[in-house]
Amino acid sequence: MTSHPKFIFITGGVVSSLGKGIAGSSIGMLLEHKGLKCAMMKLDPYLNVDPGTMNPYQHGEVYVTDDGAETDLDLGHYFRFTHSPLSQKSSATSGQIYNDVIKRERRGDYLGKTVQVIPHITDEIKHRILACAHQENDINIVVVEIGGTVGDIESLPFLEAIRQFRNERPFDCINIHVTYVPYLKAAGEVKTKPTQHSVQALRAIGITPDFIMCRSESKLHEEEKEKISLFCSVKKEAVIEAVDVESTVYELPLSFRKQQVDDKILKMLRVDEETKLLHSDLTSWENLVEAIKHPKGTVRIGIVGKYVQHLDAYKSIYEALNHAGVSAGVKIELVRIEPDKFAHLNHLPEELQGCDGYLVPGGFGDRGWEGKILTATYCRKEKIPYFGICLGMQVMSVEFARYVLGLEKANSTEMDIDTPYPIISLLEEQHVVTERGGTMRLGAYPCTLKKATLAYESYKQVKVSERHRHRYELDNKFKDDLEKAGFLISGVFEEDGFAEEGLAEVVEIKDHPWMLGVQFHPEFKSKPIDPHPLFKSFVQAVIHHKKEQVHAQKK
Ligand code: GLN
């Protein structure tokens, strides 16, 4: 295979939210099927050092890597579509880049020079692209996605850096420009002008696109492709269609394969001689898409979280549920429930009822907390499957302490600092933390599971590793009382095996078909072809519960 890495830069034009992440992931996936090793990377133009300090309404989910980087949700797409290494080296923001350069300037590393965007910021960007390419030995292709839209002030240093990078390696780089080709109803035709203008903007910066990828609602006609080819100076075969996929984003790689995007890219990168004899077998992916399109049933799962109105705030959870649904042959109907609407009711609100299972995702702060507690009470009493993730696990623990142990006013100190029963309290190491950014318990930690528990039955192994992002934990002082009352700590963080004093990572309720909470985020490690074991087990329990309900109604 190619002796040194080649680079694919993905830029976007016309509008934001074009799905550059999914397009890049689909390309990465296809190139992997050609036997190449890919590394995916995201460059984000905003000034936050990472998205960890941003509201999910602004930015969507924060994706976490094994080594504890808090990153853009596109890294989640990269994980689901490819086997790219994902680490601190897989993403960078303007904030991180400026931060590093300014720190160096303060140390005096620039020896009296004037520190400028060109060359100091652009050098740092190029350095990071190379660091991503060399994070492992044998990486053949690096797919670098530039966040934002061409024409934005913020993304200029990144575009300048890739112009230079390309100039230094003319045979090793290509640019794919993703644009939007709108359909104008009144004129009854699609319009290519916005694409032409955005390509002009890119060329003005000194970057000539090699491929134009056109997002559109309907298929492009040959004349439209010819027009784009003519005005944008790319070959007609280099005009790629990215028509809105019918039912699943996992169809996009198949659509690209039909257009031979992988072969065309490899030819342009001059790696085609080495790969052209390789037949890429996409059968498992084709089967996946078929299964998504033809479910044999439906189950309703209620997601009880603060940010349910934002489509991307719990992106990996929605994906992980869908993966588990596909493997069980069912479609998951997501019911978005806002817990703050019924935070102070003492009866069961209507909007909480009618689902076959409930999932309480991660979160911060007390808005909606009591509504989530109500959800846990409802599921515990009615024996409805409940899956608590991070904050959802803490909800489940506090609920049990309050209403089974009878510790009235039990709480998390995040919600009530003066609670007489701090079931959930700050992790020891968090007491000295003063800064907000990057200071949580982050990344992968090993977890040891107890045999003959729901957790062990799901994973079918004792040692697992999962990713974290939290500051609070179950306080072991309450462990004995909780366990005596039927609460089970089935997974702990303890380097040397299962120990009584280990940090509680997985909890379950013994006398319940499926009520389980995890302090970590299993959703970050679910793939469509390889769904996460806990999500699979939860969805099986949900299907089972639905069947029982139907059966009971018939009687
Ligand atoms: N707010 C809780 C904590 O910091 C839960 C965090 C989360 O759900 N990611 O521990």
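1. Asp 74 has its place in helix α3, which covers residues 74-81, and in this predicted model the residue is buried, with a relative accessible area of 10%. Once the neighbours within four places in sequence are left aside, Asp 74 is in contact with Gly 21, Lys 42 and Glu 145.

2. Helix α8 (residues 222-232) deserves a separate comment. Its buried residues are Glu 224, Lys 225, Ile 228, Ser 229 and Cys 232, and because these fall within an arc of 140° when seen down the axis of α8, they line one face of the helix. Glu 223 and Leu 230, on the other side of α8, are exposed.

3. As for the surroundings of that helix, the buried residues of α8 pack against β9 (189-190), α7 (193-205), β10 (211-216) and β11 (239-243). The residue that follows α8 is Ser 233, and its phi is positive, near 55°.

4. The largest nonpolar core holds 54 residues, of which Ile 8, Ile 27, Ile 141, Ile 176, Met 213, Phe 256 and Ile 265 touch the most other members. Helix α1 (residues 20-32) supplies the largest share of this core, namely six residues. Apart from this core lies another, of 39 residues, which includes Val 360, Trp 369, Met 415 and Val 492.

Definitions and conventions: Residues are numbered from 1 along each chain as its sequence is written. This is a predicted model: local features need pLDDT of at least 70, side-chain atom pairs count only at pLDDT 80 or more; totals for chains, interfaces and linings use all residues. Side-chain values use heavy atoms; hydrogens and water are left out. Helices (H or I, at least four residues) and strands (E, at least two) are DSSP runs, numbered from the N terminus. Buried means under 20% relative accessible area, exposed over 50%, partly exposed in between (1.4 Å probe, protein chains only). Contact means heavy atoms within 4.5 Å. The arc is that of the directions from the helix axis to the C-beta atoms. A nonpolar core is a set of buried Ala, Val, Leu, Ile, Met, Phe, Trp, Tyr and Cys residues joined through side-chain atoms within 4.5 Å.
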